[in-house]
Amino acid sequence: MTTISHGITPSRVLRSEWHKLWTLRSTWTAVGSAVLLVLGVGVLMGTTYTSDGGDSDVDTVVLTLFGSQLGGVCLAVLGILVTAGEYSSGLARATFTAVPARLPVLWAKAAVLGAAVLALSLLTNLATFLTAQVFLGDTDQAAALTDDGVLGALAGNAAGLTLLSLLALGLGAALRSVPGALGAFIGGVLVLPEVIGMLPYDAVDTALRYFPTQAAGVLGSATPLPDAPSPGAALLALALWAAAALTAPALVLRHRDVRG
């Protein structure tokens, strides 16, 4: 195995970051909040839905996973804390002293967070969908995992949440400030598209379809959305957003002091 420096290998960096992630109280708080929000809202939707309520045209997966919009914010906060939280606590100095190459730390954090969020989101989505369907079985929103597009939408929603959390991780690593990264995520990712969408230009509408939250919405729908990109194009767009967010701190780490 290739050595990074001073006997520190990629697998050891990964194990270290995995250990740090799951020994933080904030991780369990964010993860628990995300799961409870998705599952709780899904059950609420299932128990309160009626076929004559006028929502029969809503995609079944979108309806049952409506809470993932709130759960995704919790996971984004986790992504920010994974990186920016280390700078605020001073742990970053010890981390980069142990791994002077720096970049392996960033990639390990992204890999660990991505794997954890993907697995967690997929399991939560499956549990929420199946639980909600217990109450939706006698309505026009009854569906099964084997129905066209359902499994793909459940997995797509999980992939979207994962990439959004990696985008947040990149913002945290680049800004090195928890409040700053939270403001950038909420303002730039959640609010800015709504503001830009008010502009009366077709080109703006087309561009907005590939913004992070809009692309994630496409991935989480079992039926094609009108005037929306294909799931493949949406996934590529969201992956590029996440890659760009991770590239910025990678460049910063090479030329900026850890304390800066």
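1. Let me start with the second largest cavity, which has a volume of about 70 Å³ in this predicted model. The residues lining this cavity are A34, V35, V38, G71, G72, L75, L120, S121, T124, N125 and L161. Helices α2 (25–48), α4 and α6 each bring at least two residues to that lining, and α6 gives the largest share, with 4 residues. By class, the lining has 6 nonpolar and 5 polar residues, and no charged ones.

2. How many cavities of 30 Å³ or more are there? The count comes to 2. The largest cavity holds about 90 Å³ of space. Its lining is made by T83, E86, Y87, A92, T95, F96, V105, L106, K109, A173, P249 and L253. At least two residues of this lining come from each of α4, α5 (91–98), α6 and α11 (231–255).

3. On to the salt bridges, of which a search of the whole structure finds 4. One of them joins the side chains of E17 and K109, at 2.8 Å from N to O. E17 belongs to helix α1 and K109 to helix α6, so this pair ties together parts that are 92 residues apart in sequence. Are E17 and K109 buried or exposed? Both are buried. For K109 the relative accessibility is 6%, which is why K109 counts as buried.

4. Another of these contacts is the salt bridge between the side chains of K20 and E86, again with a value of 2.8 Å from N to O. The pair links distant parts of the chain, with K20 in helix α1 and E86 in helix α4, 66 residues apart. K20 has a relative accessible area of 16% and is therefore buried. E86 is buried too, with a relative accessible area of 8%.

5. Which residues are linked in a network of salt bridges? They are E17, K20, E86 and K109. As background, side chains of opposite charge can pair when their charged atoms come close.

6. Helix α4 gives the most, with 5 residues. The lining divides into 7 nonpolar, 3 polar and 4 charged residues.

7. Now for the largest pocket, which contains about 720 Å³ of space. A total of 31 residues line this pocket, and those nearest its centre are Q69, T213, Q214, A216 and G217. Two or more lining residues come from each of α3 (60–64), α4 (68–89), α7 (150–175), α8 (178–196) and α10 (212–219). Which element gives the largest share of this lining? That is α10, with 5 residues. By class, the lining divides into 17 nonpolar, 11 polar and 3 charged residues.

8. V73, I186, L190, V191, L192 and V195 make up a nonpolar surface patch of about 420 Å². Helix α8 supplies the largest share of this patch, with 5 residues. V73, another member of the patch, is found in helix α4. With a relative accessible area of 30%, V73 is partly exposed.

How values were computed: Residues numbered from 1 in each chain as written. Predicted model: local features only at pLDDT ≥ 70, side-chain atom pairs only at ≥ 80, totals over all residues. Heavy atoms only, no water. 1 Å grid on protein atoms, 1.4 Å probe; cavity = no way out; pocket = protein on both sides within 12 Å on 5 of 7 lines; lining within 4 Å. Points joined across faces, edges and corners; volume = space filled by probe spheres on them. Nonpolar A, V, L, I, M, F, W, Y, C, P; charged D, E, K, R; others polar. Patch = residues over 30% accessible without salt bridge, like charges linked within 9 Å, V, L, I, M, F, W, Y side chains within 5 Å. Areas by Shrake-Rupley, 256 points an atom, 1.4 Å probe, with all protein chains shown as cover. Buried < 20%, exposed > 50% of the residue type's maximum accessible area, 1.4 Å probe, protein only.
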